[in-house]
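Reader: Hi! I'm new to this one, could you walk me through it?

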Amino acid sequence: MPYLLTLIEFYMSNFPAERYNTLMSLWERLSKWMGIDTNASPQQTLSSPQNALKQAKAYKRLAKYAEALAELERAAVMVNAERDPALAIAINLHRADIFVLQSHWEQAHTLLLQLKQDAETLKFSAPLAYILIALGVWSQEQDDWETGREHYEQSLVPAQESKSIGAEGRAQAHLADTYLHEGNAGYAVHLLEQALPKLKTSGD
């Protein structure tokens, strides 16, 4: 019922102010009669780990890392109750990405290694591919390009096993960066030509 309340309020909010106020007055009276709490906020009524994760991604794109981490924490609390390990890994992978962006190297590396172990134990191929890519990025940030390349190459195996073209494209794009770094522009271009269509198709 709270979800219905949110939908109706959203719909009515598109009316002109005078009509909206009249409708809201009627809706509040009807809600009281039906026993619905009209004070619940949209964030409360639509709260779910998926929505919190979506909000975290939006904050992350805006470089609002504190807000993103807060949303990820909120998502993690909810998802633990749902016992959804795949979603829990996804949430923590975003957290690790933010730690890298904030140069919190030890926190990022510790979390990524734990996620790698979890994904391998659970045989989650697609998440494992993204975790290996994140480890490659972490290694590059430590100026260890060779280890970074190894992680990207390793990530191609679970990416192809799971038919995750997004992960495969991302790995190839990062591999292109490593070859460009060593001066092999020809092979870097070749990898990018393979990666870009996959990234575009997957929206990765």
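This is a predicted model: local features need pLDDT of at least 70, side-chain atom pairs count only at pLDDT 80 or more; totals for chains, interfaces and linings use all residues.

Reader: Okay! Which residue does Asp97 form a salt bridge with?

Author: Asp97 pairs with Lys60, and their closest N and O atoms are 3.2 Å apart. This pair links distant parts of the chain: Asp97 sits in helix H6 (residues 85-101) and Lys60 in helix H4 (residues 49-61), 37 residues apart.

Reader: Nice. How many salt bridges does the structure hold?

Author: The structure holds six salt bridges. One of them joins the side chains of Arg74 and Glu71, at 2.8 Å from N to O.

Reader: And where do Arg74 and Glu71 lie?

Author: Both are in helix H5 (residues 65-82), three residues apart, which is about one turn of the helix. In general, an α-helix has 3.6 residues a turn, so residues three or four places apart point the same way.

Reader: H6 keeps coming up. How many of the residues of H6 are buried?

Author: Twelve of its 17 residues are buried, so H6 is mostly covered. Those buried residues include Leu87, Ile91, His94, Arg95, Phe99 and Val100.

Reader: What distance does H6 reach from its first C-alpha to its last?

Author: H6 reaches 24 Å, close to the 24 Å expected at 1.5 Å a residue. H6 is followed by Ser103, which has a positive phi near 65 degrees.

Reader: Let's switch topic. How much space lies in the largest pocket?

Author: The largest pocket holds about 490 Å³ of space. It is lined by 18 residues, and the closest to its centre are Lys57, Lys60, His94, Asp97 and Arg170.

Reader: Which helix gives the largest share of the lining of the largest pocket?

Author: That is H6, with eight residues. H4, H6 and H8 each supply at least two residues of the lining.

Reader: And what classes of residue make up the lining of the largest pocket?

Author: The lining has nine nonpolar, three polar and six charged residues.

Reader: Now let's zoom out. How many helices and strands does the chain have?

Author: The chain has eleven helices and zero strands. Of the 204 residues in the chain, 38% are buried. Among contacts between residues at least 6 apart in sequence, 53% join residues at least 24 apart.

Reader: Could you show me one more helix, say H9?

Author: Of course. H9 covers residues 145-161, which makes 17 residues, and reaches 25 Å from its first C-alpha to its last, close to the 24 Å expected at 1.5 Å a residue. The buried residues of H9 include Trp145, His151, Tyr152 and Leu156.

Reader: What do the buried residues of H9 pack against?

Author: They pack against helix H8 (125-141) and helix H10 (165-181). Just after H9, Lys163 takes a positive phi of about 55 degrees.

Reader: Last one: where is Leu196 found?

Author: Leu196 is in helix H11 (residues 185-202). Leu196 is exposed, because its relative accessible area is 52% and the cut-off for exposed is over 50%. The C-alpha atoms of Leu196 and Ala173 are separated by 7.6 Å, with the two residues 23 apart along the chain.

Reader: Thanks, that was a friendly tour!

Key:
Residues are numbered from 1 along each chain as its sequence is written. Side-chain values use heavy atoms; hydrogens and water are left out. Helices (H or I, at least four residues) and strands (E, at least two) are DSSP runs, numbered from the N terminus. The expected span of a helix is 1.5 Å times one less than its number of residues. Buried means under 20% relative accessible area, exposed over 50%, partly exposed in between (1.4 Å probe, protein chains only). Contact means heavy atoms within 4.5 Å. A salt bridge is a side-chain nitrogen of Lys or Arg within 4 Å of a carboxyl oxygen of Asp or Glu. On a 1 Å grid over the protein atoms alone, a cavity is a set of points where a 1.4 Å probe fits but cannot get out, and a pocket is an open set with protein on both sides within 12 Å along at least five of seven lines; lining residues have an atom within 4 Å of a point. Grid points are joined across faces, edges and corners, and a volume is the space filled by probe spheres set on the points. Ala, Val, Leu, Ile, Met, Phe, Trp, Tyr, Cys and Pro count as nonpolar, Asp, Glu, Lys and Arg as charged, and the others, Gly among them, as polar.
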